[in-house]
Structures are given as C-alpha cells and as structure tokens.
Amino acid sequence: MVSPIYLIVITLGAAFLLGLLSERRTELAHFITVLALAAGGLVSFGWLWIMAAEGASAVEIYTAGTKPPFAINLRVGLPEAALLLLIYLTGLMSAIHMKDMLLRKGRRAMAVLLIAIMALAGIIMTRDIFNIFVFFELVAISTGGMVLLSDDPRALSAGIKYLIIAQVISILLLVGIIFTYQATGSLNIDFMKTPELALGGGGTLAFFLLLVPLLVELKPFPANGWALDIYQSAHPAFSAILSAATGSAALFAVDKIMDIGGASWGPVLTGVGLLSFVVSNILALVQKNDRRLLGYSSVAQTGLILAVVGQRELLGESYLFIAGGLLIGHAVAKAGLFYLSDLVKGRMLTNWADLRRNPLLVFAFATFIAMLSGLPPFPGFYAKWELVHALMASGKTGLVVLILFGAILEAGYLFRWFGYLMKRPQSNTPGTLPLRGVLVTMAAALAGWLAAYIWGELSGYDNLLSQTALLFALGFLLIDWFPAKLKNTIAIAGMLAFFWQSYTGYDPIQMIFGIIILVGGAVILLASYHERGQRIGFYPSALLMFAGLAMLIVAEQSFQFFAAWEVLTLGSYFLILRGKNAEPHALSYILFSLAGAFAIIAGFALAAQGQAGFKITALADVAADLAPWVFILLAIGFMTKTAVIGLHIWLPGAHAEAETDVSPMVSGILLKAGLFGIIVLLSNMGSPELYGVKLTYVMLWIGALTALMGNLMAAFQEDAKRLLAYSSIGQMGYAIFGLALMNHLGWLMALMFVINHYIYKSMLFLSVGGVAKRTGTKLMYKMGGLITLMPLSFFVVLIGIIAVSGVPPLSGFGGRWMFYNAILDSENRLPMIIIFISGPIAFLYLFRLIHAIFLGQLKDEHRKLKEPSFWIMVPQVIYVVLLLAFAVLPGMALQKVDTFLNGMFPEGGLNWDGLLITSDYGYWSPVWIMVVTGGIFAAVFMLLLAINRKAQKVKQFNIVYSAERPYRPETTHFAWNFFAPYRKAIWFLLLPIATRFWGGITEALHATAGFMRRFYTGDAQHYVFHLLGFVVGLYLILLGVQ
Amino acid sequence: MEFDWIKIPYALLTLFIVLNYGLLMTAIIQKMGARAGRRYGIRFYQNYIDLIKNYSMRSKITHGYMFYLGPVFRLTGGIGLLLFVPTIYGSEMWSNFSFSGDLILALYFVFFGTLGMALGAGESGHPFAALGVSRGLSQVTAAELPFAIAVFTVALQYQTLNFNEIVAAQQGGFLNWTLFTNPFAVAAAMIAFLGMMMRSPFDVVVAPQEIPIGPPTEYHSAYLALMQTNRNIFPIAKIVVYMNLFFGGAGSWPEFMIKAFLLYLVSALVGVVFPRFRVEQSIRFFLIWGVPVAIIGLLWV
C-alpha cells in the first residue's frame, strides 16, 4: 500500500504543479486538481480497506526517519483512514462541483483548494501539536483565500473577519502550545500525557489554552459569528468542505489532544458542545437564508459530536461507532445540502421549491435531512440509539434531554424546509439544473446510503438495509418511473405475499394487526387504482410505512421495534405531505411523532440499562424503581401516535389534508401502531405504580378525556374529513380506555375496536374523500342532497355511521356491549362517567356527517355529479360486506383472541355458545338481533308499501314552509354550525387549549431565536469580543466549577 | 338455540295491548293537561281517529328512499325496543325477544329509530326538519347522560345486565325497588326521563304548539301515521325499561298499566307546570342537575 505520506506529497505536489502551468490552461489545471484529489481519495480508501476489512493495525510514518519525540510522526489508523477518505472525497466532489468557478478564478484558486485539503489531511495524520498548529495556519490561509474568491459581495467582509479571528485563534493556540510544552517537555501528543494537565491540575491553564483555540475552530456558540458569515457568503461547494472536512478535522484534533488532557476535560467539551447544539438549533429556527441555516445546522451538529467526544471514556468501545456515525451523517448530508444549495437560484428557503422538478434531487434532499435527523436506516440513527442507551445507563438523563430537545428543534426546521420544497410555488423562470451539480449531489446521497449499509453491518443488530420488507419498499424508488397502476399491482401482490409468508408466525393479537396492516393495506390500495400517471413518490412512501408497520408487530428486540417505529413514521410523513394543503400538518405530524419517538428511545434506554439486544419481553423484568418511568416514557411515545388529548393537535390536519386514499391508510391502519405499542407495553409491564398511583389509572383518565374531547370536537367541524379525523381521536381514546382497564373484556373490546375502526374509518374516509373529489370541497355545508346522485356512497356512509355509533344490529354494538361488561369488572368509576358523556356525542357528529353531505338540499352546481370513481368504491363495498359479516359473526375474529387473552387475564372471558355470547353479567346474540330487527323492519316496511305504494316522487326543493317557497337550495340547506345550541351550552370545552399551548411554545422558541440573532451583528470587532468573551467566560466557569 | 314460534303471536299481542293502551293513555293524559289549562281537551278516542285518518289519506308524496324508510326505521325502533325488553316479569312468553340481548341492547336500540327517522326527515330537504333534528340530538344526547350513568349504576348494584335478574333483585316489597335502594340513581334517571319524553319544558325540539318543526315537518298521510303509531309505543317501551330498572318491574298487565300510567304522568305533570327551555338551557340543565345526581348515585353503590 502507498505510504500515507504520499497523501500530502500528491496534494502538495499537484498544487505546486499548478503553479508551473500557463494561466490559460485552466481545464488542465482543473483536471490535475481533480486527479490529485481522486488519487488522495484512492489512497485513503486503500488504507481504510486494509484497516477495516483486513484488520491491519495503525501505521506510523517517521518523517525524519527518527522515532518520536525526536521527529514528527504521522499516524494512520482506522479513524484516520476514514476521515482522510471523507476529506478527500469532499474535496474531490467540491472541486468537481465548483468547476465553473475554479475555471473562472484560474489555477491559483485550485492550488488554494489543494492546500486546504492537504492541510486538513495533515491535521488528521500528525501526532505533533506544533505540526497541528502549522496545518491549522495553512487551513486558515487557504480558507480565507477560498472565501475571498467567492462571487458573493459579502464574501469580502466575511473573509477579512475570518482572517482576523484566525489570527486570534493562532495566537491563543501558540501560547497554549508553549505552555503545554513547558509543562510536559514534549510536543508529541503521545509523550505529553501528564496528570498535571488534567482539569484542576497545575497545568490547567496551559491545557485550556491549547484546547480552547481548537474548540473555537469548531465554531461553538457564541464565538461563531464569523463562521456563519462564511457559510452564508462562500461558494457552497467550499462551504461543504468547511462544514464536512474542516469540521471533521478540527473535531479529530480535539479528540487527539484529549489524550493529553485526559478524561477530566470531557465535561468541558460536552458542555460547550451541547450549548452550541441547542442554541444553534434554536437560532436556526428563524433563518430564512438557506446557507446561513445550513451554517447553524453545521455548528449544531459539530457541537453534538463534540459533546460525544467529551463522553468518550463513558462510551468506551462504541465511541468510534457513535461519533463516527454522527460525523459521517453530518458530513455527507451537509456537503450534499450545500451542493444542492448551488443548484437553487434564490437564497430563500422557499426558493428550494424549484428542486421539485427533479425527483432525484427530492430523493437526495430527503436522504440528507433523514441523515441529519438521525432517522433510519442512516448511521446517525444507530449512533443516536447507542448514545442514548449509554447515557441513560449511566444516569446522564439531563444530557439525553438536551440532546433530544436539540434534535427535535433540528428536525423542526429541516422538515419545515422539506415542506417548502414539496409544497411552495415554484419560480416562474426555472433554469435548467446543471448535470454536474445533480451528479455530485446524487453521489453524496448514494454515499449516505452506503454509509447506512456499513453502519447497519457494524451495529451488531440486524442490518435494516437487509430487511425484506424495507428493501421491498425501497425497491419502489428504482421503479418509480413505472405507471402507477403497475406499481399498485406490485405493491398489493407484495403485501399479500409478505402476509402469506409470515402469518404462520403470528399470535392472535399479532394476527389481528397483521391482517389489518398487510391485507387491509392491500384493500385500501385497491382505491389507488383510480390514480393515473406515475404518481411519483407515493409508493416508496406508502410501502415504507407498511414495511415499518409489518416490522413493528414482529419486533422482538427494542431496537427492531424502535427502528420499525421510525420507519413507519418517516414513510407516513412523506405520505401525508403529498396532500394538497398538507404542508403545516405534515410538519406537526412529524414533529410530534419524532418527539414521541424520543420518549420511546429514552424509555427503552432506561429499561435496558446498557444491556445490548434488549428484548421487549424483558420490560417485565425492569427494576421496580425504574419501571414507572420506563412506563411513562413509552406510554407518552405510543400515545403521541394515537393522538391522546393534549398531544392530538397534529392529527386532524394530517388526516384531513391527506390524499383520498392516504387518509384511510393513516387513519385506519397507522393509528393502530400506537395501540399496538400500548398493548406491548401493558402486556409486558402491567401497571406500575408511581407515588402510589397506578399508571394505568392515569391512562384510563387520559383515554376517557380523549374520547370526550375527540367526539366533542368532531361535532363542531365543518370539514368532513376533519370531522372523521377528530372522530378517530375519540375512538382511539376508547381503545386506550379499554386497554387501561386491564381486564379481559377491556382488552377484547380494544381489539374489537382495532378491527372495527379499521373497517369503518377506512370506509368513511374513502367514501367522504371520493365525494369530496367530485364536489371539489370538503366543507359539508357546501354539499347536500347528494343521496340521489351517489346512492352507493350514501349507503356506505350510512352503514359506516351505524357501525361507529354502536347502534344495533351492526358491529359497533358489539364493541359497546363488551365495553359495558368490561367496566362492570373495573373498580374505577369516575373515568367511566367521562366515557358515558362522550358516547352519545358520537351521534351528533355522525348524523351531521351524513345529513350535511347526502341529505338536505342539492346545490345547483352539483346536479350533474356522479358516484366517485369505480376503484374508490371497490374497497368500500368490500368493507360493507366485512362489516355486515363481522356484525353477525364477531366470533370469527374474536373467539381466538378471547381464548388467547385467557393467558393474560384468566378471569372474565366470554362464553361462545353457538349464536349466543355470554359474559359474567349479560348476554348478546348478534344473529338474533339481526333477525329480529330485520323481521320487524320488513314487516313495517311491507305495511307502508301496502298503504303507500302510489306515493308520488318529488324533488327535495319541492317543499313549503312558513307559507312561502324557499328561495335557493343554498339558503335552504341547514348544515352550517349545525349544533349551534350545543356550542352555546358547552363552549368552554371547545377552547383550543392544546393548540394554544403548543403554539405558544413554538412562538416562544421563535421569539427567543429572533432575539438572540441580534447577537450576531456582523461586526468583526464584536466577533473578536465574542471570542475573547467565550474564552474568558469558559475559563471563569471552569475555575468556578473547581 | 331453538326458537319458540309461539313467541311471535305473543309478541304481536304485546304490541296490540301496548298500542291500544298507549293510544288511550296519551289521550287521557293530554286531556288532563288540557283540564289543568282550563280547556276541555280532546276526546279519549281522538288518537284512534287521527291514526285512521292519516292511514287512509290519499295524497302522498315521497322525497326519496331514505325519506320513505324514515318512518319505517322509527317504528321498527319503537317495536324493537318493546320486544327486546321483557314486558311482564316472570313470564317467558311476555318476555318476547329479550333473549337476543340484555340491557345494553335496549340502551342502544333506542337510537335505532331516532337515527333512521332523522335521516328520513333529512332527505325531505326541509330546513325545519333538520333544525328539529339538530335541537333534538343536542338535547337527547345531554338527557341520555344521567340515564346512562344511572343504568350503569343499576347494573353495578345488581352485578348483572340481565333485565330479569335486575327485576328479580327488586322483588319482595316496594322497598326493594331501586327507587328506594338507590334514590339518587333513580332521581337522575327521572330527570333524563323528562328530557326523553319531549314534553315541556323540553319540547322546543318539536315545538308542537306553533310552527311545525322537527322531523315530522314534511311527513304526512301513512308516514305520519306510522310515526304516530310509534309515538304511542315508543314512550311505553321506554317506560318498560324504566319500570324494570327502577320500579320493580311489572308482574302482571294491570300492574304494568298502573305503573306506566303513573310514570307517564310524571312527565305530563312537569310539563303542565313548567315553561319551555331553550335547547342550550336544557343541555345545561341536564349537565348541572342530572349528571351530578347520577354521579352521587354511582358512588353510592
């Protein structure tokens, strides 16, 4: 293998070679630059391969032929090789990306670029601190040069500011080196380790002065105004180097010198890092300029990694895996985003909508933000998982809270940005996207996927990228150019095949969920046949969600469970975002979901206590003092998904604004993920107590209040799909209530709800969605009288609302019957009252739904409408049949589950005696109810027919009131504000308290950011002052802490 | 399960008795109300005349299928409720079809007819019908509350959802009636009862005295006749539920008739004395007076 010293030789040599070329041979110069960087990349890759795959040990290069400390030595081990590869590849891609600029600026610019890369490689390899200083100086000069070469007029001032700051940093570093040399008598890192330099030792100041300039190189808050100005004004491809390569090198330098100072300095790094991470993410919230936002995000990510470096003693063996995962995620994604920013003409975040023209770039952007947010399958996901586990196991809850808080902020602005990209108007004069830029960006995205695969292999868990379900979903990315109908067929076939292959392994509870997810999902997909064209992006998203769900129900380890959870969240987010007006709602969905996921990861980590491969069933063995907290964290996570009261504000918009066939998926199926989580939680942990309060009792209240508020809010919606969405909230409240009862029938009822809710809510969403597609509005009062034009839709909704309301003889009644039996078994009476209150309210919204749409007056503009398209009707008809079948023979689905539940709750099961179902308290015969009701109905109907057979058919508008003819259908259709008296009576229950609360938090964060950004005045003197203030302040804090 | 075909004639007989009893009783109670207002009132057979007249009217129109089926749903709801609940305690035959389901069935079947009729009325397109439904649903859902809690209280008290067992537990003297064993639950249920009977002060839903409003607005001839038939069956079916749950049930037809009359009289009496509430007032009334009493009853058990 080529000696690593050639990395420096090649790069530096190429830079000198450029000087020999004629000024005009710019193409050749660029070729040489690219070639040198590629060669460097190749050498680095070679070493990485040798180290990683063949297990070679680190190599030492003695520059003067003498062993240290008498000469400078370079070292390349596994981390060095990986970082070198990262740096050279970033340099290479940036050089290709900014070719036009480099050609324009000539060979000098290219030489400066090469010097920068060479210097960064030097920082990585050298073991000598003075050598580090020299390389940093080179980086500073070349960076200043590259910034000044930018076309942006602001680059001049940014470059000057940078040079000023760089000088201050250099001086500090030099002083630090002098002091530490004085203290240790060596300049070689491996020979400088002495207890004196530990925090609190005699050499504290010496090491502090060595450390702090390197920290400042990482652009920590508040000493980072200069860096943000650079990010904003430099050429984005160079910003990519600054963020990905320079940042990585500086981090590694800090990591190296930590060998000198020892672990006692760890908390300093963690403190500085986390402060940067959290504050920068807050500040990024109000940024509108894309590059400045990326700058803040870079600062934040670097801060997070710095915090991890500070914890390296604690993390032990997994340190490299964690820090590396975060670093690679940050570097690749940030470089990619900077490349993308060059393809966007305007500098506002909303200008990124232009990228939408190229689906590849949308894919790349999604890849990058998923990497940055630590979502599966990317390295950051594994790293986050390990990090949180390690920190929780050692009781560092505060750190976890801060990290997760920062992470949710970051996800907030990243996903908001993605929303802009997908939903904001495109500019009127879209230029062509340069092919080179697209290719470089795609290369970065692919590198991200490659890293994802590698981290999956290294993780010690099942590699997510080798899971059949996930691969099947991702496979749709490759065939996304197929026509939608073909993809739909493949999707349906795939889901059914997957079910066929895996159903034998399911227990009855898993079976219910498995059927709903895979078979039920396939049934809903039948409706998707109505879409024409390619429907780009739909299938990967939908299948990602289904894959996550399918993986969730069979997960045995907490890791698998959590990974599946994140996958389904991400898939459903993309799916929801497809809706026309879904942008803000999809954002609030993903934020609540991610926050919930963070609660889940914290809960699992707390439960695992550092144990690798923690099994979900081991939740049962969690120590008694931890159990309630684990329970609370997991429950919050799961209940965010089912949208319990207070955490529900994302649901109505997300479900209502989704596409016609997406709403049933996310309502009928996705919500069940939360319920499944609660089932897993309760079945393993039972009901822990906290301060003498049973936590399931609290859940009982939450379920009851959710049922009440969901139903109440539903009654006052004007938008039909929102009405259904609120109704889902209420229904999930019922299910949670049933589970929290912790008795046999409560669970059976909840599982019956799972089935029922899937059927009727999917059916209603499809039906209402289909009608809304025809009428062009979701507002119910704008419809009316559609029964004559869409009798089938009416019938479907009629069956649906009868089932939802629980009126016999349909299946909803079975749910109510079990509910009453279940609560008779329970001691907790007060929450029942709330449930009682919410029950009848369901009638309000259900009647309103069917009345306002199908009954009343038909509007003139709707007189020529027809039934929704055939394919939207197909699943609805299937659901009607299912609902009727389930109403008559609930035992089909429930009898096995009932038996299965005997394992958990031996008492209080049902007896299935032929047609009669009996409990300890009462009895119920679905068939007889159907027969008797049907018989009476038929008899009365015959009677009426006999008397009234000659009735004359007249139109709706043929009515008279108050002795006058009505004026117009619009003024005659009584539908708007339908329950006005109810609103008058209970208005105080309808105040949007939760919305205001979360809105207030968002406002407060934005206001804080808006206030804090004033701190960055753009004035170089202020920046120097910030820097000195940071140094002095940090030192004072250290003294104070000691 | 073996089905006893003889149950069908018994069911029809039950229906016949209840219908005739309802026609006469409502007329008499209406007459009593009129007398309280110093009017003469209708003749006791007036209901028969109205019914026959409406059944035989020749002019009839329909606004569509749902409109047509609305009254059918309504009457099915009334008859179904009556037949799903054991009418006479201790008699297999007069228990009709109560083998199909228990108390919960009765509780939810109440809505079957209401919902169907509301849908039918909705298709008429008449805004007053929809207005009446809006008011009615708002009020009934509030009125249901104390009742639902009271029902649950009773079930909890007797640890069963089976009507026969609930009545059985109240046998052996009137002091064993729920009325005396849990007066709060019964008080709450009676408050709800007032709301369900659609009489003053809770009659703004149908506003019988002035403009025709509520579901029946567009209904006429045989449709209206079906609804009138129901109006004489359904309240009594509800009273049967009340009787069974709170007042010891009825061991024989005479006992049944006396209890039904007295219970019906309660709502008539209140109606004669009190003026009308607006809907939001009645909702608040049930929430403020009915629900707390019901909760006390629930905690009492």
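Read along the sequence, chain B of this predicted model follows the pattern α-α-β-α-α-α-α-α-α-α-α-α, with 11 helices and one strand. Helices (H or I, at least four residues) and strands (E, at least two) are DSSP runs numbered from the N terminus. The radius of gyration of chain B is 19 Å, close to the 19 Å from the globule rule for 301 residues, so chain B is as compact as a globular protein of that length. That radius is taken over C-alpha atoms, and the globule rule is 2.2 Å times the number of residues to the power 0.38. The C-alpha trace of chain B spans about 55 × 50 × 40 Å along its principal axes.

Residues are numbered from 1 along each chain as its sequence is written, and chains are lettered from A and ligands numbered from 1 in the order in which they are written. Because the model is predicted, local features need pLDDT of at least 70 and side-chain atom pairs count only at pLDDT 80 or more, while totals for chains, interfaces and linings use all residues.

The contact between the chains takes 66 residues from chain B and 64 residues from chain A; two residues are in contact if their C-beta atoms, placed from the backbone, lie within 7 Å. On the side of chain B that touches chain A, helix 5 of chain B gives the largest share, 17 residues. By class, that side has 41 nonpolar, 17 polar and eight charged residues. Ala, Val, Leu, Ile, Met, Phe, Trp, Tyr, Cys and Pro count as nonpolar, Asp, Glu, Lys and Arg as charged, and the others, Gly among them, as polar.

Strand 8 (residues 952-953) of chain A and strand 1 of chain B run parallel, joined by two bridges; strands pair if DSSP finds at least two bridges between them. The bridge partner of A:Lys953 in strand 1 of chain B is B:Thr62.

| Helix of chain A | Residues | End-to-end C-alpha distance | Expected span |
|---|---|---|---|
| Helix 24 (583-608) | 26 residues | 37 Å | 38 Å |

Just after helix 2 of chain A, A:Gly55 takes a positive phi of about 70 degrees. In helix 24 of chain A, 23 of the 26 residues are buried.

How values were computed:
Expected span 1.5 Å × (residues − 1). Buried ≥ 20, exposed ≤ 12 C-beta atoms within 10 Å, placed from the backbone.
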